Every structure is written in structure tokens, then in C-alpha cells.
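Please look at the model shown below with its sequence at hand, and follow the report from one residue to the next.

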Amino acid sequence: MPSYEERGLPGRHRTILVVEDSKQNRAILRALFEGNYHVLEAADGQEGIELLQKHYETISLILLDVYMPVLDGFGFLRFRASDERYGNIPVIVATASNSLDDEITALKLGANDFVVKPYNPEAILNRVSNTIRLRETASIVNQLRWDVTTGLYREDFFFRRVDNLLAAYPDHAYDMVCSDIRDFKTLNERYGRESCDRLLHDLADKLKVALPDVVSSGRIGGDSFGFVIEHQQSDWTAILDPLIRNMGVAHLFVRFGIVQNIEHDLSASQLCDRASFAIDELRDSEGAGVSWYDDALHQRKAMERTLVESVQEGIEQHQFKVYYQPKHDVDTGLVAGAEALVRWIHPELGFVNPAVFITLFERNGMISELDRYVCREVCREIVNLTEAGLPLVPVSINMSPLDFDDHELPQRVLDMANEFGVDPSLLHLELTETAYAEDPDVVVHALEELRTFGFKVELDDFGSGYSSLALLNLLPLDILKIDGGMVRNASRLDDFRIIRCAIQIAQLLGLETVVEGVETAEDVQRVRDMGCNLIQGFYYSRPLPQEEFEEYLRAHAKG
Ligand code: C2E
Ligand code: CA
Ligand code: CA
């Protein structure tokens, strides 16, 4: 006879608890199970309970006699039902033939199957192994299917369900709603995993009730849930607003992305991606909200995909062009520097602004390669200017916060300058304060190194975000660059006072100042009166392509 394992039956390592008062019957059963199962024996219900309490974690099945002294089989079943730890262990009850009443009572008390006495070896062995296998398979399936924290389907199972659903009902209209909790990571750190699991559980419960006509639901990642519902004509704001407000009271900001009337040939995972693209649109807004995946978003996403897919080729084929925007000295009025600003002349999309692709490349990590490319192009241009005998001015390069992840950054920039024979003092590096926020020590160290090598460091966009004056002291800087928006919006006297104050503090710290984004003669005058050193802005010039920049230098720089 093939072994239990060979027949695919649960085998040797499972433990069976036999609760049976007849010594002779226990001996028969032991002989029957021996070699394939580990057997624990109890002579009555009470002994059975004691063994159960001690070994419940390893017992796979209980074979239970009904009539026994001290405590009978029904008493034993009642005890088992009283504690959920034991409820998972299946029980086969041994009854006399023709005892239907006993069977019904046992079933009511949670028994799973019956064998009839006297014991028939083949029948018992099969029932025991079938029952164990059924229970184990069911518990594996459950673990695979359900997320224990929320009671929703797990992601992969949810996706499969939805894919099947969409294929099975091609003409039926559904919506996909995905939820996401803002800053869940921070909540997790602050309140601990257990509390946050409870939050997730509560939210899942509330959503199941609040969303109408839910067809399927799943947990798609840490703090995101997906719901497929019957297509709704109704007002989403009316459905979701009360919930958003309700959760907001507990400082839980829930955001929703909705794909309406979903296309059936898309996969569930693509649909969830679309819903989260919609959620991403809320990123900058305060707290919670609802956002839809619509045509405009669809087109933007398609364009972003094209851009991401063609960036490598773009770099190789020199589709990226560096433009130069002059910076003028307030005292002499001459060009005293320039900022390198990259543009993409895309073969299909034409002229693409950095505002479109820089954040995209910051998201997918391509930005550092682009910044290296720009640095190389700038070095090349400085060599050009030198060879053409044109006036030389320092050129600033924009650094993304991600560039500082590379601890070799200062050495790499130095190597590149050396490769072209460019004096480091002709290269300025502009960084934003977000770089500092990422990893202060690393950034400070990199800046110190860059300055030791002779490069100059500018703090960009000062005044545009949550700029802190303390940062001016923490960062090893040479130049403070005050954001253009601050000047243009400075309609009130107070705003000008703030700019003046920033310039004065910079001066106290020995920093040069540049005010950028200056558009009118009036602003030039004001900024000059405040004592800033350099001015950059449309008033003087827009960013210029290389040849025009060279012309500009010829006309406006000290030769
Ligand atoms: P930024 O570093 O703040 O650059 C200044 C932006 O202001 C430029 O936009 C410039 O064209 C614009 N600007 C200059 N003068 C004026 C003015 O008088 N009025 C107004 N309204 N705007 C003015 P641009 O070229 O579109 O660049 C946008 C941003 O893209 C830059 O902001 C910078 O953060 C980023 N960027 C550009 N090139 C690069 C690069 O090579 N690497 C990295 N990492 N980022 C870059
Ligand atoms: Ca800049
Ligand atoms: Ca800037």
C-alpha cells in the first residue's frame, strides 16, 4: 500500500487526540493510527479537555466517543465550543449505529463528522485524513484570500476576482473607487502598528457601508483599498463627504480616486493605478478629498509615459538643450553670471518645459542622469566661450535633492570640471532647501566638500516654500537666491520688507544675494535699493539658447 504522503494524505506529523473510555477501543485505534499519526489518548471527556488545553496548537483532529464516565462527549464538545482557540480543530464523533438523536446533538455542538461503532479501520482512516485535509486546505485558502486586518480580499485575489468579473459581464457598467490615507507612514510611526491596524479595520468597515452597491473589495497595498461598485450616476460628493469629514475628526485624512464606467479590457491592477493617479492629483491639497480619472489626466499620463520611455534616447541623441538666463550685476548693469536651464526638444512632442518633466524624472530617479548631462553641457559651453574668446561668467547648475544620494557627487563634479579643464569657480550649484530636509548631514558634508574644491553653492528659491532663516546658518553657502514669486507678489509694503530683511540677514552672514524673477523696471529699482547683488529675470532676458546667449555675452558682459 502506498504511504500516506504518496497518496497526498496528511501523514505522520499530525497529532490525533483520541477521547474514548474503552481501553480496548483505544488500543485498536492506536494500532490503526500508529506509524502515520502521533496519538494522544484520553479515557474520558475531562482528561480530553486537559490534553486539549495542553496540546491544542499541535492537535489536527479529535476522535471523540459519546458515552464516557466523568464527562461525556457532549460535555467535551460544549467546552470546545466555548473557546475559539479549539474551534478550529475538527472533531469526528464515534456513535452507535441507529443513534440519530446523538448525531443531531453532536452536530449542534459543532462536531464535523461521524464514524459508526464498531470501528471499521479503512473507513476511519479515510475520514480522518479527509477531514484533516479539508480543514487545512480551507485555512490555507482563507489565508490566501482574506486580509486579516481589514477583512477585505488580499490584493492578488481581489485583482483576479475583478478581472474575472469584468470578463464575465462585458456590458455591465462598474466604477472603481480606491482610497488612500494621507501620511499613513507617519501615523504608523506615531501611534504604532496595532492602533493603525485598528484604524484600517474601522475604515474598511465604514467604507463597506458607505459605498453603494459594492461588488468586490480588496486591500491593495498598506493603506489603500479598492472597491468595484455598480456604476453610480449619483453625486459622489454626497456619498463621500460625510465619511471624509467623519474620519477627519479622528485626524485621518482619506483620499479617494475614482475611475468611472471602467473599460472592461483593462486589468484590475491598471484600473487601480488610474485611481491612484487621480489621488496623486490631490497630493498638494490639504488633507482629504476626492479626485476623478478623466480625459485630461489620461492624456497627461500618456504624455508622461512617452517622456519616461524616451528619456534615455533623448539624452543619447542630445535632444536636451541647455538654455542660459543671464544674471546682471546691480552696480555695473553688466552680465555677471547665468543659470543653466534645461529644455527638451522632443521629436514627437516638440518643445517641452522643465516644469513638465523635472518632477517626473525626480519621481522615477532619472533626474540625476539628466543633471550630470547638463553639468557636462555647461562645461562644454564654458570651453566654447573660452576658445571663442568670449567673456566668461560663472554658470549655475540646478541640483535635484536626489543628486545628493550619490555620496561621490562632489568628486564626480570635480572630475568633470577637470576633464574639461574648467575652473571650479566658474561653476555654481543651486540647491533647494528640500535637499537639506532629506538628509541634513549628508548634504552639509557634500556642500562643504564642493566648496573646498572651489565650487560655489547657491540656495535656490528662498521664500517660495517654508524657507527657514535658520537654514542659512546651517548650510555652508555662498549665495542666497530669493525666489521670483516673492518679488512679483510683493504688492504690499510688508512683502518688500521681508525681502529686504532676507537680504540684510544674508549680508550679515557674508552671503551674496541674487533676486530672480524680476520682470519690471520698477522691481529692478526696488530690489537694487534693498542692496541685492545680482538680478535675474525677464526684465533683462529670458533663458536663451546657446548661440543667443553667446551674442548676449558679447553685448552685455565685460570683455
Ligand atoms: P528655477 O531653478 O527656479 O528656475 C527659474 C525659473 O524661473 C525658470 O523656469 C525661468 O525660466 C523662470 N524665470 C526666469 N525669470 C523669470 C521672470 O522674470 N518671471 C517668471 N515668471 N519666471 C522667470 P524654467 O526654465 O521653466 O525652469 C523651471 C524649473 O525647472 C527650475 O526652476 C528648476 O527648478 C527646474 N530645472 C530647470 N533646469 C533644470 C536642470 O537642469 N536640473 C534640475 N534638477 N532642475 C532644473
Ligand atoms: Ca534654479
Ligand atoms: Ca529658483
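Leaving aside its neighbours within four places in sequence, Val-39 is in contact (heavy atoms within 4.5 Å) with Ile-16, Val-18, Arg-30 and Phe-33. Val-39 lies in strand E2, where strands are DSSP runs of E with at least two residues, helices are runs of H or I with at least four, and both are numbered from the N terminus. With a relative accessibility of 9%, Val-39 counts as buried, a word that stands for under 20% relative accessible area, while exposed stands for over 50% and partly exposed for what is in between, using a 1.4 Å probe and protein chains only. The C-alpha atoms of Val-39 and Met-366 are separated by 63 Å, and the two residues are 327 residues apart along the chain.

This is a predicted model, in which local features need pLDDT of at least 70 and side-chain atom pairs count only at pLDDT 80 or more, whereas totals for chains, interfaces and linings use all residues. Residues are numbered from 1 along each chain as its sequence is written, chains are lettered from A and ligands numbered from 1 in the order in which they are written, and side-chain values use heavy atoms, with hydrogens and water left out.

The predictor's confidence in each residue, called pLDDT, runs from 0 to 100. Its mean over the protein chain is 90, and 96% of the residues reach 70 or more. Over residues 1-11, however, pLDDT stays under 50, and for this stretch the model has 22 contacts beyond four places in sequence.

Ala-43 is found in the loop between strand E2 (38-42) and helix H2 (45-55), and at 22% relative accessibility it counts as partly exposed. When residues up to four places away in sequence are not counted, Ala-43 touches Glu-20, Asp-21, Arg-26 and Met-68. The C-alpha atoms of Ala-43 and Val-19 are separated by 5.9 Å, although these residues are 24 residues apart along the chain. Asn-25, which has its place in helix H1 (residues 23-33), is buried at 18% relative accessibility. Beyond four places in sequence, Asn-25 is in contact with Glu-20, Lys-117 and Tyr-119.

Some backbone angles also deserve attention. Most residues other than glycine have a negative phi, and most peptide bonds are trans. The peptide bond from Lys-117 to Pro-118 is cis, with omega near -5°, and Pro-118 lies in the loop between strand E5 (113-117) and helix H6 (121-145). Asp-213 is not a glycine, yet it has a positive phi of about 50°; this residue lies in the loop between helix H9 (193-210) and strand E8 (214-219) and is partly exposed, with a relative accessible area of 45%. Asp-461, in strand E17, likewise has a positive phi, near 55°.

The table sets out two metal sites, where donors are N, O and S atoms within 2.8 Å of the metal (3.2 Å for Na, K and Ca), and sites may look incomplete because water is not among the atoms.

| Ion | Donors | Distances |
|---|---|---|
| Calcium ion (ligand 2) | Glu-339 (OE), Asn-398 (OD1), Glu-430 (OE), Asp-460 (OD) | 2.1 to 2.3 Å |
| Calcium ion (ligand 3) | Asp-460 (OD), Asp-461 (OD), Glu-516 (OE), Glu-516 (OE) | 2.1 to 3.0 Å |

The calcium ion (ligand 2) and the calcium ion (ligand 3) are 3.7 Å apart, and Asp-460 coordinates both. Glu-339 lies in strand E13 and Asp-460 in strand E17, so the pair ties together parts that are 121 residues apart in sequence. Both Glu-339 and Asp-460 are buried, whereas Asp-461 is partly exposed at 25% relative accessibility.

The largest pocket holds about 1,100 Å³ of space. Of the 40 residues that line this pocket, the closest to its centre are Glu-339, Leu-341, Asn-398, Asp-460 and Asp-461. On a 1 Å grid over the protein atoms alone, a pocket is an open set of points where a 1.4 Å probe fits, with protein on both sides within 12 Å along at least five of seven lines, and lining residues have an atom within 4 Å of a point. Grid points are joined across faces, edges and corners, and a volume is the space filled by probe spheres set on the points.
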